[in-house]
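Have the sequence and the 3D view open as you read.

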Amino acid sequence: MSEDRNTNKEKGLPGGKQGGPMGSLGKPVEKAKNFKGTLRRLVQYLKPQRTKFLFVFVTASLSTIFSILGPKIMGKGVTKIGEGLGAKMMAAQAGKAVPSLDFTYISQIVLILIGLYIISAAFSYLQQYIMAGVAQKTVYKMRKEVDEKLSRLPLKFFDARTHGEILSRVTNDIDNISTTLQQSLTQLITSLVTIIGVIVMMLSISPLLTLIVILTLPLYMVVTIKIAKGSQQHFAAQQKSLGELNGLVEEAYAGHKIVKAFGREDETFARFNTINEKLYQAGYKAQFISGIIMPLMRLVSNLGYVIICVIGGVFATRNMISIGDILAFIQYSRQFTQPIVQTANIANIIQSTIASAERVFELLDEVEEVPDAIEAKIVPFPKGHVRFENVDFSYEEEEELLKKINVDVKPGNTIAIVGPTGAGKTTLVNLLMRFYEISNGRILIDGIDIRDIKRGSLRSMFGMVLQDTWLFNGTIFENIAYGREDATEEEVINAAKAAHAHHFIKTLPEGYNTILNEEASNISQGQKQLLTIARAILANPVILILDEATSSVDSRTEAYIQKAMTELMQGRTSFVIAHRLSTIRDAELILVMNQGSIIEMGTHNELLAKKSFYADLYNSQFTGTSIEVV
Amino acid sequence: MVKLFRLLKPFTAYITAVVVLLFVQVISDLYLPTLMADLVDIGIVNKDINYILKTGGFMLLIAAGGTICAIIAAYLSARTSIGFGKIIREKLFSKVESFSLHEFDKLGTATLITRTTNDVNQIQQVSVLILTMMVTAPLTSIGGVVMALQQDISLSWVLVVVIPVLFTIIGGTLFRALPLFKLMQEKLDKLNLVLRENLTGIRVIRAFNRKEKEKVRFDEANADLMQNAIKINLIMAALMPAMMLIMNLTTVALVWFGAIRIDSGAMQIGSLLAFIQYATQILFSLLMLVMLFIVIPRAQVSAVRINEVLETNLDIKDPVKPVTVTDGKGLVEFKDVSFRYPGADQPAINNLNFVAKPGEVTAIIGGTGSGKSTLINLISRFYDTEKGSILIDGINVKDMSQKGLRAKIGFVPQKTVLFSGTIAENIRYGKQDATLEEIKHAADVAQATEFILSLEEGFNHTIAQGGANISGGQKQRLSIARALVRKPDIYIFDDSFSALDFKTDAKLRAALRPEIEEATVFLIAQSVPTVREADKIIVLDEGIIAGIGTHAQLLNNCRVYRELVASQLSEEEVG
């Protein structure tokens with residue numbers, strides 16, 4: 001799994017004023033639903049940094065202006081050289097002494113230019129220096145807000161979404177925003193200033209030539225729009241094939257064993273090839289079309305260049321323009337294309353950034369868990385008396401899952417929850433710990449409605465050992481100590497001993513300091529369960545929630561787990577998702593669940609006497625009398 | 001990366017053409033300033049408007065020619081780079097398809113998927129960049145130098161000074177920044193890791209009231225990431241301004257020293273203008289080239305991961321001359337079979353000997369980790385035995401082709417896997433040329449007909465990816481039907497009735513009996529009731545056979561079996 005992070009962020013060239021590859025032109029752009037509103041909200045985020053942004057804006061503009069002045073001034077120098085050259089020729093023709101070039105003037109120009117360029121570079125550096133922190137701090141804050149928001153959202157939210165979906169908002173989307181703030185924004189500023197500045201400078205040299213350059217603008221637009229239109233269908237086809245291909249690959253790999261068992265490798269490969277070929281066809285066309293944008297842009301730019309050379313040349317012969325001005329003009333017209341293309345590009349980038357921001361804001365706007373009441377209590381010494389009174393519950397509004405549930409559990413009792421897989425046995429757990437809110441009735445612990453207890457206090461009464469053994473990327477010691485914040489080393493080791501985990505931990509080369517890797521694949525499934533039991537023992541809760549299912553565990557470990565669980569249950573109120581007959585038979589109360597709701601409850605003997613669902617279940621799972629074995 | 005480039009062989013002609021075309025295009029681009037120099041030096045100085053127009057027309061022609069070359073090059077390079085991606089993808093997929101379970105598990109499904117999709121796309125994108133910018137940039141700088149030299153040789157010393165300075169600054173910056181770029185990825189991973197743990201462990205975190213602690217953990221990773229990013233930005237902040245400054249100062253220097261040369265009559269003014277433009281072009285393309293090198297390490301990571309897959313040696317290969325059996329009935333024999341997972345100290349299966357006959361049900365029982373599923377996987381040769389041999393109708397499975405072997409087996413896995421497609425297609429997966437009658441019959445036996453007909457479009461109902469739109473029990477019944485339609489000699493039911501409710505289970509078993517009467521049937525189970533009426537029960541315990549026999553026999557002579565029974569059945573039911 002360590003690779004689903006590979007969500008290719010195409011970072012442009014760092015600090016690139018020259019603009020990255022042109023790949024994004026012509027690709028369909030993702031659009032935000034509410035562009036204006038999202039933009040306004042995003043701007044709000046930037047407000048604390050407003051002075052810095054202003055400063056960045058000013059320095060970026062100044063830097064651009066200073067560098068734009070360059071060619072014009074240099075043109076003056078070149079003109080002077082040209083004039084000097086003319087004077088020389090005249091002198092030579094007239095047979096007079098050949099005058100030297102006006103080096104005092106030229107050296108002045110050179111010094112001015114050096115000064116200009118240094119100032120421009122300084123401002124540009126200043127701008128990037130300030131910007132370095134601005135964007136990063138903004139997205140830091142945004143990430144932090146999202147994380148805090150996640151911790152306040154009810155579990156319902158997480159059930160309805162895949163982890164990938166949520167992760168992608170915190171990483172890809174926020175990253176997208178970060179890149180835009182970091183690069184595109186200043187690029188946009190410099191591009192706009194450049195466009196205006198260049199036009200002004202060109203006008204000051206020759207309005208007619210400027211007009212010619214501006215006349216090439218529609219050509220750029222025609223090229224861009226035509227290409228964007230032409231490529232859209234291929235990009236769409238490419239995207240579609242890519243989706244199909246990913247689907248096929250996922251399915252084929254997930255079902256690898258079945259593909260092999262039924263000898264379907266060839267057919268699968270043939271299907272793959274068909275889609276791969278489609279992807280290739282669409283892909284190279286899309287790539288080709290977006291690949292010709294650059295050459296065509298260059299053609300238009302060269303067209304302008306040639307026209308300027310020719311007309312400028314003709315003008316020069318009539319002394320309507322100086323040579324230096326032609327040089328300056330050529331430089332300006334070359335500088336003109338870049339920012340225009342870039343602005344078009346950035347417009348697209350901003351669109352997709354706003355779409356990203358919208359997704360992030362959507363998450364920030366989700367409805368939160370009901371906050372703890374102000375007068376919520378803390379139960380200092382809970383006894384573990386649990387009572388359901390007329391509890392109704394449903395995940396979705398329409399279908400009611402639990403209706404009028406009344407259960408009374410005395411301290412220290414064991415409640416077995418049984419039912420086929422997928423019967424919703426975890427529903428009860430979710431309700432007890434107030435991961436979900438019940439619709440009607442109330443749940444009492446030691447006579448207090450759980451909604452009147454602080455969530456923290458309520459949840460600290462519980463210990464959980466679930467089948468999905470969640471451990472985090474840290475040492476074994478830290479993972480056990482997760483059960484209680486202030487646990488000492490001795491307590492942790494004692495808990496591990498009580499959970500029969502001490503022995504296996506000691507056999508690991510690093511012992512308690514063994515770092516569990518990302519999927520905790522360096523210890524076995526059963527060992528993981530022992531660790532979660534140790535964690536629960538350390539937490540020392542009054543009420544336990546246990547899942548007995550022990551899948552893929554070797555028999556010796558299983559025996560340990562069983563023993564540890566039994567010891568753990570001593571003297572605590574326990575809700576057990578039961579799989580062992582002994583547990584079920586010894587339970588004070590059995591809750592039989594099917595399709596999400598409690599359908600029967602009672603003791604083992606009572607339920608057997610009823611001869612209904614439980615009896616069926618019991619017979620099919622634990623006895624063989626009524627089964628016809630093949 | 002370089003290893004992958006070998007796959008580009010079929011495109012050699014294209015690539016050569018691309019390089020040639022781009023070279024022509026670069027030359028044409030570079031030729032323009034020279035023409036402009038002529039236009040100035042001859043046309044303007046002599047006030048020859050005709051010459052100016054003629055040169056202008058020629059320049060247009062050159063520009064157009066260059067564009068045509070560039071367009072053709074774009075076409076060929078698109079076909080090459082996208083085709084390159086296609087070939088890698090194809091190679092990867094076919095390689096992974098030939099993996100045995102062992103090779104497959106070694107890498108893992110998730111990463112194999114990423115490698116076949118994302119990583120290939122990454123390589124494809126970089127090859128696009130290489131075939132366009134990375135070809136043009138050096139060509140432009142070389143061409144630029146040549147052209148600049150033609151204009152004036154002695155001014156070139158300016159470039160000789162500037163280029164090393166440029167490289168030093170870029171090199172110095174990258175030297176400091178690249179390690180940070182790498183760290184960036186690590187810090188991003190760390191942040192993702194914390195976040196993912198927060199998502200997967202949400203119940204535990206809330207149950208143990210550790211929200212605050214997790215918040216701190218996230219914040220640490222978040223702040224760490226931010227600080228690293230700021231550090232990079234601060235380093236990179238100086239780069240672009242410095243580059244621009246160098247380029248601008250180069251131009252200024254050229255004007256100054258050019259003026260001196262013009263003054264001495266050694267140079268024309270048009271040449272100076274052309275030289276300045278060449279110098280800018282050279283410096284820009286060098287800059288571009290260096291920047292592109294930043295992309296390479298990222299693609300390198302992908303390339304390494306792709307190569308790892310492509311270079312994995314297959315440990316299960318078909319024999320050169322596979323033996324085919326047509327008249328067999330499906331007699332399965334295990335002779336001294338041992339197997340251990342790679343790297344394990346203990347064999348998962350140790351010295352197994354038994355015979356499973358056609359017309360009999362052979363049940364295999366044992367706790368988790370006792371080796372039941374391993375045994376099954378060995379029959380289908382998903383793994384190869386370490387010692388001993390498995391014979392089917394007297395022939396070693398290693399002497400058969402894998403396809404031929406598996407064609408004899410109808411396998412119903414523990415974890416149901418269906419494919420997207422219609423229900424009929426899913427059942428037909430077991431037998432490609434199955435008629436509708438056969439499919440319907442198989443569904444009947446598997447007790448699936450009733451629910452299939454209740455669905456919209458019945459057998460043509462489309463199953464979503466992973467079978468998300470039908471229930472676990474329904475999936476399991478389709479999986480059974482898929483094996484039944486095959487009418488194989490050997491059936492393997494690997495804990496295949498777990499998701500069925502009691503009544504369906506009973507009906508299914510009754511319907512199944514006549515269907516599989518003549519076949520060799522393996523029935524893997526955790527619980528005693530499922531197996532107690534089998535013809536033969538094999539009790540596995542930590543990889544060895546603890547007992548073989550009928551229920552009654554085993555109760556008498558097998559301690560492990562008695563323990564299993566005692567833990568699952570109540571006293572009165574044992575007898």
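At 7% relative accessibility, Phe158(A) counts as buried, where buried means under 20% relative accessible area, exposed over 50% and partly exposed in between (1.4 Å probe, protein chains only). Phe157(A) is buried too, with a relative accessible area of 7%.

A word on the ground rules. This is a predicted model, in which local features need pLDDT of at least 70 and side-chain atom pairs count only at pLDDT 80 or more, while totals for chains, interfaces and linings use all residues. Residues are numbered from 1 along each chain as its sequence is written, chains are lettered from A and ligands numbered from 1 in the order in which they are written, and side-chain values use heavy atoms, leaving out hydrogens and water.

**Aromatic rings**

A pair of aromatic rings is described by the distance of the centres and the angle of the planes. Rings of Phe, Tyr and Trp (its six-membered ring) pair if their centres lie within 6.5 Å; planes under 30 degrees apart count as stacked, over 60 as edge-to-face and the rest as tilted.

| Pair | Centre to centre | Angle between planes | Type |
|---|---|---|---|
| Phe66(A) and Phe123(A) | 6.1 Å | 15° | stacked |
| Phe157(A) and Phe158(A) | 5.2 Å | 90° | edge-to-face |

Why does the pair of Phe66(A) and Phe123(A) tie parts of chain A together? Phe66(A) lies in helix α2 (residues 50-94) and Phe123(A) in helix α3 (residues 103-152), so the pair links parts that are 57 residues apart in sequence. Helices (H or I, at least four residues) and strands (E, at least two) are DSSP runs, numbered from the N terminus. Phe123(A) counts as partly exposed, at 21% relative accessibility.

Rings of both chains also meet: Tyr253(A), Phe269(A), Phe272(A), Phe93(B) and Phe104(B) form one aromatic cluster.

A charge sits over a ring if NZ of Lys or CZ of Arg is within 6 Å of the ring centre and within 35 degrees of the ring normal. The charged end of Lys80(A) sits over the ring of Tyr105(A), 4.7 Å from its centre, and that of Arg264(A) sits over the ring of Tyr429(B), 4.5 Å from its centre.

**Chain A and its sheet**

Chain A has 20 helices and 10 strands, and 55% of its 630 residues are buried. An open sheet of 6 strands runs in the order β6-β7-β8-β3-β9-β10 (chain A), with mixed pairing; two strands pair if DSSP finds at least two bridges between them. At the edges stand β6 (462-465) and β10 (597-602) of chain A, each with a single partner strand, so one side of each is left without a neighbour in the sheet. Within chain A, strands β7 (residues 543-547) and β8 (residues 573-577) pair in the parallel sense over 5 bridges, and Ile543(A) has Thr573(A) in β8(A) as its bridge partner.

**A covered strand in chain B**

In a regular strand the side chains alternate between the two faces of the sheet. Strand β10 (residues 520-525) of chain B has 6 of its 6 residues buried. Thr520(B), Phe522(B) and Ile524(B) are buried on one side, and Val521(B), Leu523(B) and Ala525(B) on the other. β10(B) pairs in the parallel sense with strand β3 (residues 361-365) of chain B over 5 bridges, and 5 bridges also join β10(B) to strand β9 (residues 490-494) of chain B, again running parallel. Phe522(B) stands opposite Thr362(B) and opposite Ile492(B).
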